[in-house]
Amino acid sequence: MTVRDTADRDRRASPPTDFARVLITGASGLLGKALVRAARTHNLFVYGQIHRRRPPAREHTEWLGAEFDGATGVARFLSDHAARLASCRYLINCYGPLTQRDTRAVTPDDLVREFHHNVVVPVSLTRFLLRNAPLVSVVFIGFETVGEDKGYHEVLPYAVAKNALLTITRSFAADLAPVRFNMVSPVTLEGADVPRRGGRRVPPERVAETVLTVLLGKESGTHHRMAGGIEDGS
Ligand SMILES: NC(=O)c1ccc[n+]([C@@H]2O[C@H](COP(=O)([O-])OP(=O)(O)OC[C@H]3O[C@@H](n4cnc5c(N)ncnc54)[C@H](OP(=O)(O)O)[C@@H]3O)[C@@H](O)[C@H]2O)c1
């Protein structure tokens with residue numbers, strides 16, 4: 001099947017009118033793929049943001065290409081897909097790249113890049129949906145120790161950015177009700193290509209189910225920490 005055939009088939013996957021629509025960023029990644037499958041079981045039509053990998057066409061799903069590198073990347077994504085995004089009731093911001101580097105070697109560019117990808121991108125998407133879409137609920141993805149007062153030896157820029165996103169989550173929840181904002185923070189995912197000594201891992205499917213439960217629930221301003229088998233909402 002050619003790329004064009006795939007694109008045509010995706011276009012034909014128009015959303016049924018009785019399915020609410022969700023934008024899932026990072027939809028072709030490890031957790032993203034599990035989120036797309038889980039959203040389907042909750043009768044959501046998925047707009048799945050992808051980058052280099054185009055997953056196979058699937059029912060009730062449309063893949064939206066994006067390049068979030070650089071200042072113009074998000075703006076282009078929003079303008080290219082404005083009409084589709086304007087129909088979304090839900091946002092799951094799964095996109096959140098991690099660059100590992102010894103804290104002593106971190107440069108200003110490292111901080112700016114990680115802040116862009118983990119804060120500017122999700123906040124820009126959220127602001128667009130708040131202005132243009134019937135948005136009711138947003139889930140951001142954190143990581144294992146976000147919200148803890150600790151030093152970071154290998155992931156400082158990522159940790160700073162994810163902690164900023166947690167603060168923004170709580171602030172948006174307080175200021176923008178009735179739109180709901182929550183964060184789900186898993187330990188390392190099973191199958192992740194992340195060097196880690198020991199520690200528990202959690203299956204992406206379990207994280208995805210928690211994200212969907214939080215997304216479609218009633219609470220706002222909460223931080224759900226998933227500690228690989230133990231789940232602790234706080
Ligand atoms: N992995 C873990 O163990 C772990 C643990 C705790 C928290 N988290 C968090 O969970 C979330 C998902 O992590 P993951 O490991 O599942 O991610 P992942 O597998 O690395 O997936 C990355 C996603 O981002 C897309 N992407 C990459 N570069 C891009 C760019 N320049 N512009 C636009 N899109 C781009 C990829 O698209 P293509 O595939 O099309 O290139 C893919 O969909 C993140 O927020 C992460 O911080 C992960």
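**Close-up 1. Arg131 is an exposed residue of the predicted model.** Arg131 has 9 other C-beta atoms within 10 Å, so Arg131 counts as exposed (C-beta atoms are placed from the backbone; 12 or fewer others within 10 Å means exposed, 20 or more buried, in between partly exposed). Arg131 sits in helix H5 (helices are DSSP runs of H or I, at least four residues, numbered from the N terminus). Ala86 lies 45 residues from Arg131 along the chain. Their C-alpha atoms are separated by 8.8 Å.

This is a predicted model: local features need pLDDT of at least 70, side-chain atom pairs count only at pLDDT 80 or more, and totals for chains, interfaces and linings use all residues. Residues are numbered from 1 along each chain as its sequence is written.

**Close-up 2. Helix H5 crosses helix H6.** H5 spans residues 108-132 and H6 spans residues 156-175. Their axes come within 8 Å and cross at roughly 25° (axes are lines fitted to C-alpha atoms over the stretch in contact; angles run from 0 to 180 degrees between N-to-C directions). H5 is therefore roughly parallel to H6 (under 35 degrees is roughly parallel, over 145 roughly antiparallel, 65 to 115 roughly perpendicular, the rest oblique). The crossing of H5 and H6 is right-handed (the near helix is turned clockwise from the far one by less than a right angle). Contact residues of H5 include Asp110, Leu111, Phe115 and Val119. Those of H6 include Tyr158, Ala161, Lys162 and Ile168 (contact means C-beta atoms, placed from the backbone, within 7 Å). By class, the contact of H5 with H6 has 12 nonpolar, one polar and three charged residues (Ala, Val, Leu, Ile, Met, Phe, Trp, Tyr, Cys and Pro are nonpolar; Asp, Glu, Lys and Arg are charged; the others, Gly among them, are polar).

**Close-up 3. Helix H2 packs with helix H7.** Their axes are 8 Å apart, at an angle of about 55°. H2 and H7 are therefore oblique to each other. H2 passes H7 in a right-handed crossing. From H2, the contact takes in Leu30, Leu31, Ala34, Leu35, Ala38 and Ala39. H7 (residues 204-216) contributes residues including Pro204, Glu205, Val207 and Leu212. This contact of H2 with H7 has 11 nonpolar, no polar and two charged residues.

How values were computed: Helices (H or I, at least four residues) and strands (E, at least two) are DSSP runs, numbered from the N terminus. Two residues are in contact if their C-beta atoms, placed from the backbone, lie within 7 Å.
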